[in-house]
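Welcome, and thanks for taking a look at this one with me. Below are some numbered notes to read alongside the model.

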Amino acid sequence: MNMHKLMAATGVAFMLGSSVSMAADYTLSVTLDTSPQHVRNVWLKDFAKAVGEKSDGRLEIEIFEAGSKYKDSEAAAAVAQGAIDIAIPQYQLISRFVPEADFEQLPMFYGMGREEIYAIVDGEVGKDLNGRIEDKLRVKVLGRPIDLGFGTVFSTDVELKEPSDLAGLKVRVPGGPATVERYEIMGSVPVQISWPDVPQALQTGTISSLWTTQESLASSKLWDAGVKYGMEDRQAIVQYVPLINQRSFDKLPEDLQNLLSATWDEMVDGERDFAAQRQQDARALNAENGIVTSDPSPEALAAMRQKLVAAQPALVEELGMNPEFVAKLTAAAGQ
């Protein structure tokens with residue numbers, strides 16, 4: 001059998017291809033910086049298994065987990081350079097190359113539901129953004145984005161019932177100008193702290209609040225660090241976009257190219273439901289450990305959204321987003 005290795009991979013990896021053949025004709029390597037139990041990792045293993053079975057063992061997906069290859073902040077560049085075949089980073093981590101990729105952090109998305117967001121990202125706006133990413137990085141966007149889910153804001157001492165309760169709190173944020181400005185408008189003090197340092201920052205009072213997800217908080221057991229309250233105001237959704245090195249994709253026979261893209265598309269909706277359920281399960285676990293999470297009224301969300309949207313034009317200019325893209329995005333959002 002002629003073996004075509006699209007990348008010679010080293011390190012710790014999960015070889016998830018065919019259960020029939022010991023060696024595939026083609027192998028694609030994927031980098032993830034999240035743990036094996038993370039929703040993205042769990043789902044990707046199912047995807048890899050499906051690809052292996054549908055290709056009769058001809059195409060194998062090799063997964064490098066827990067940052068054993070690259071951090072997500074480095075992953076897009078690694079794919080563009082051909083150092084790894086596939087990465088699935090958050091949109092906002094691509095924004096340093098393509099400013100428009102930070103679109104889901106814009107104020108117009110505040111309070112939106114899942115289906116409203118999917119209608120935008122799966123439509124013409126998403127196709128436009130994919131084209132910009134492909135042109136800039138010389139990669140192929142494999143398909144629609146998958147979910148981590150909505151971020152939730154948590155607090156140690158202040159019970160959070162509506163967005164105005166965030167005023168005056170020191171909030172840990174993962175970074176990004178759109179996220180930082182959102183909290184400044186809310187009257188909070190945004191503080192950028194790496195995730196491993198969060199427990200100590202909560203315990204020492206460096207921060208009194210944080211923006212993360214229910215699952216991330218549960219996996220780190222941050223109730224032990226003093227977190228008591230949460231609020232689901234749907235500030236922004238976190239999605240991952242699949243990037244594959246263009247040369248790696250081009251080396252695949254056409255039938256395997258089609259199989260890879262079609263299998264991804266067939267499984268995206270299931271992943272999104274799976275991610276949403278994982279967040280609900282985590283919310284229940286957090287509640288069992290004393291964390292009270294509230295859901296603000298539609299009126300409270302609308303009032304804060306109006307306040308945030310007023311600052312959007314200046315933010316768009318600061319981010320350097322293309323005006324045509326923003327106009328298309330605004331129209332798709334019905335604004």
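1. On a 1 Å grid over the protein atoms alone, a pocket is an open set of points with protein on both sides within 12 Å along at least five of seven lines, whereas a cavity is a set where a 1.4 Å probe fits but cannot get out; a lining residue has an atom within 4 Å of a point. Grid points are joined across faces, edges and corners, and the volume is the space filled by probe spheres set on the points. The second largest pocket holds about 260 Å³ of space. Of its 16 lining residues, Phe-150, Glu-232, Ala-276, Gln-279 and Gln-280 are the closest to the centre.

2. Before going further, please keep the ground rules in mind. This is a predicted model, in which local features need pLDDT of at least 70 and side-chain atom pairs count only at pLDDT 80 or more, while totals for chains, interfaces and linings use all residues. Residues are numbered from 1 along each chain as its sequence is written, and side-chain values use heavy atoms, with hydrogens and water left out.

3. Which element gives the largest share of the lining of the second largest pocket? Helix H9 does, with 6 residues. Both strand S7 (146-150) and helix H9 (254-288) supply at least two residues of this lining; helices (H or I, at least four residues) and strands (E, at least two) are DSSP runs numbered from the N terminus. By class, the lining has 4 nonpolar, 5 polar and 7 charged residues. Here Ala, Val, Leu, Ile, Met, Phe, Trp, Tyr, Cys and Pro count as nonpolar, Asp, Glu, Lys and Arg as charged, and the others, Gly among them, as polar.

4. Now to the largest pocket, with a volume of about 1,200 Å³. It is lined by 38 residues, and those closest to its centre are Asp-33, Thr-34, Gln-90, Arg-172 and Trp-195. Helix H7 (214-219) gives the most to this lining, with 3 residues. Strand S9 and strand S11 (209-212) are among the elements that each supply at least two. The classes here are 11 nonpolar, 18 polar and 9 charged.

5. Next, do look at the sheet. It is open and built of 6 strands in the order S10-S9-S11-S8-S12-S15, with mixed pairing; two strands pair if DSSP finds at least two bridges between them. At the edges, S10 (189-192) and S15 (292-294) each pair on one side only. S9 (residues 170-173) runs parallel to S10 over 4 bridges, and Val-173 of the pair stands opposite Gln-192.

6. Finally, the aromatic rings. There are 6 aromatic pairs: rings of Phe, Tyr and Trp (its six-membered ring) pair if their centres lie within 6.5 Å, with planes under 30 degrees apart counted as stacked, over 60 as edge-to-face and the rest as tilted. Trp-43 and Phe-47 are stacked, at 5.7 Å centre to centre and 15 degrees between the planes. About one helical turn separates them, because they are 4 residues apart in helix H1 (residues 39-54).

7. Why is the pair of Tyr-91 and Phe-103 edge-to-face? Their ring centres are 5.2 Å apart and their planes are at 80 degrees, so the pair falls in that class. Tyr-91 is buried at 4% relative accessible area, and Phe-103 is buried at 1%. Together with Phe-109 and Phe-325, Tyr-91 and Phe-103 form one aromatic cluster.

Key:
Buried means under 20% relative accessible area, exposed over 50%, partly exposed in between (1.4 Å probe, protein chains only).
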